[in-house]
Amino acid sequence: MSEPNIIDDDVEGLAIEAAAEVERKAAAFGVLAWQGVALEEFSFSRELMYHTMTAVAGLAPMRVIAKGPQGFLAHAVFILWLCRTKGEALEAMRHDARGMVAAAESWGAVHIGSNLQTEAMDLAVDILRQAEKTRAVHAPRSGSGGDSGNSPGL
């Protein structure tokens, strides 16, 4: 007995379901994505490039922009661009901070624009939180009490 051949005319619906399944799997494994493309981790190297880019662009520090959400948009563009760009391409641009800023801003204009700003800022915060989870924390000195380093309570 052969399997029935099911024909589904809803190609668009199937594509939407397939994309949703990819998003579900990515969420289950903690992989962040932007517009269906998995992002690289916000590694130490990418973080260094981010700080260089923010300095060259003259962006206000995070402690200043935390008071107003729109100030974070430029930071979010840099973070997403750095995590979306493959390592080889970043290495080629490593010593051209102005070129990285220009490339990130051009990318942001096309892939974020004015309609995805909130989503971009939310994802950038998620990236920073994920990176913070893996950051080593020193254990307190003996006799000072408290939790050991990297405890969930920190």
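User: Which residues touch the most other members of the largest nonpolar core?
Analyst: Trp34, Leu39, Met53, Leu80, Trp81 and Ile127, out of 31 residues in that core. A nonpolar core here is a set of buried Ala, Val, Leu, Ile, Met, Phe, Trp, Tyr and Cys residues joined through side-chain atoms within 4.5 Å. Buried means under 20% relative accessible area and exposed over 50%, with partly exposed in between (1.4 Å probe, protein chains only).
User: Which element gives the largest share of this core?
Analyst: α4, with nine residues. The elements giving two or more residues are α2, α4, α6 and α7 (117-133). Helices are DSSP runs of H or I, at least four residues, numbered from the N terminus.
User: What is Trp81 in contact with, leaving aside neighbours within four places in sequence?
Analyst: Met53, Leu90, Met93, Met100, Ala103, Ala104 and Trp107. Contact means heavy atoms within 4.5 Å.
User: Before we go on, what kind of model is this?
Analyst: It is a predicted model: local features need pLDDT of at least 70, side-chain atom pairs count only at pLDDT 80 or more, and totals for chains, interfaces and linings use all residues. Residues are numbered from 1 along each chain as its sequence is written, and side-chain values use heavy atoms, with hydrogens and water left out.
User: Switching to α2. Which of its residues are buried?
Analyst: Arg46, Glu47, Met49, Tyr50, Met53 and Thr54.
User: What do the buried ones pack against?
Analyst: α3 (62-65), α4 (73-84), α5 (87-93) and α6 (97-111).
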